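Hi there,

Here is the structure I promised to pass on to you. Please have a look, and then read on for what turned up in it.

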Amino acid sequence: MSELNEKWLDLRSDTITRPSAAMRAAMNAADVGDDVYGDDPSVNRLQEYTADLFGYEDALFAPSGTQSNLLALLAHCGRGDEYLVGQEAHTYRYEGGGAAVLGSIQPQPIINQPDGSIALADIEAYIKPDDFHFARSKLLALENTIGGRVLGLDYLKQATTLAHERGLATHLDGARICNAAVKLGVSPRAAVAGFDSVSVCLSKGLGAPIGSVLCGSKPLIAEARRWRKMLGGGMRQAGMIAAGGMYALQHNFERLAEDHDNAAYFASELAKLKGIKVSTPQTNIFYVDIPADTCRALNDVLQLTRIRVSMSPHLRIVTHMDASREDIDRAITVFGDFFG
């Protein structure tokens, strides 16, 4: 990457983080084998470590969160089954309809509440009766965090208990589950309690270049492993990227609190400006409502000052390990000069 590009502040997502020198060194030194044969020691260590960290029997390394979630849906559900899911959830809205296209699994989208949850009454109402007119309700899929919002432990316990009482399995898209655990001040195991499976993303705030880990029971992971092969996710000497994920979990978990602090600081400073409305972040994501007729001009100014965003009247800003407090102060100045 050129020196010029390194000077950009990218606020579009925490997926743009680059592996640190220490992470690169760990990746370079990784022991490798053929993971399709189960022979890659670095992949095996990552799977064992993640399963233990989150309290599951087994785990499976996948190249992306999209595939890890899809593996869970395919392992939990069969043709003609359905999963209940929030309308804002990635597994429904942003992952290409993979469950329907590749698994003949019907999504039952349900409106998300302002806090990101799905109302328990709505979950109850959308579970289908045992009648051949309907798709079989098999799975409740939630996401934490969702749009930067953290689902509370009491809610998660109520939702997963309801699902299990009605015969549904439960899956958690842990897109930013480590952010959620840090925000809640609980262990990873406590953050996923009640879920039969969880997809743990490594390539967002944790800073790994690639990968997610699906955790679940041994039978579920065995089924997911078969699906991973069919989907082209069976990698060979994958230990080099697995080592990046291991480093991320061991070294970058607790530091997520720094990203949360930076987001809170950034949002509080922008909230002082006139003409825009700023949400209060819970983790590392917040939103800025900007008059539509100023978006283009603001984006031009940001580009000129080497700040990259996904411009929208409802602008999402994401802090991460590659956005220092100094970088954020620079962005605050640019926003302030524009709206001042």
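First, a term you will need: a salt bridge is a side-chain nitrogen of Lys or Arg within 4 Å of a carboxyl oxygen of Asp or Glu. D14 forms one with R176, and their closest N and O atoms are 2.8 Å apart.

Some background: this is a predicted model, in which local features need pLDDT of at least 70, side-chain atom pairs count only at pLDDT 80 or more, and totals for chains, interfaces and linings use all residues. Residues are numbered from 1 along each chain as its sequence is written, and side-chain values use heavy atoms, with hydrogens and water left out.

The chain is divided into domain 1 (3-16 + 254-339) and domain 2 (31-251), with bounds from an automatic or database domain assignment. Their C-alpha centres lie 29 Å apart.

How many residues of each domain are in contact? There are 16 residues of domain 1 in contact with 16 residues of domain 2, where contact means heavy atoms within 4.5 Å.

The area buried between the two domains is about 1300 Å², with carbon and sulfur atoms giving 54%; this is the accessible area (1.4 Å probe) that two parts lose on being put together, summed over both. In domain 1, D14, L256 and Q282 lose the most area to domain 2, together 42% of what that side buries.

Best wishes
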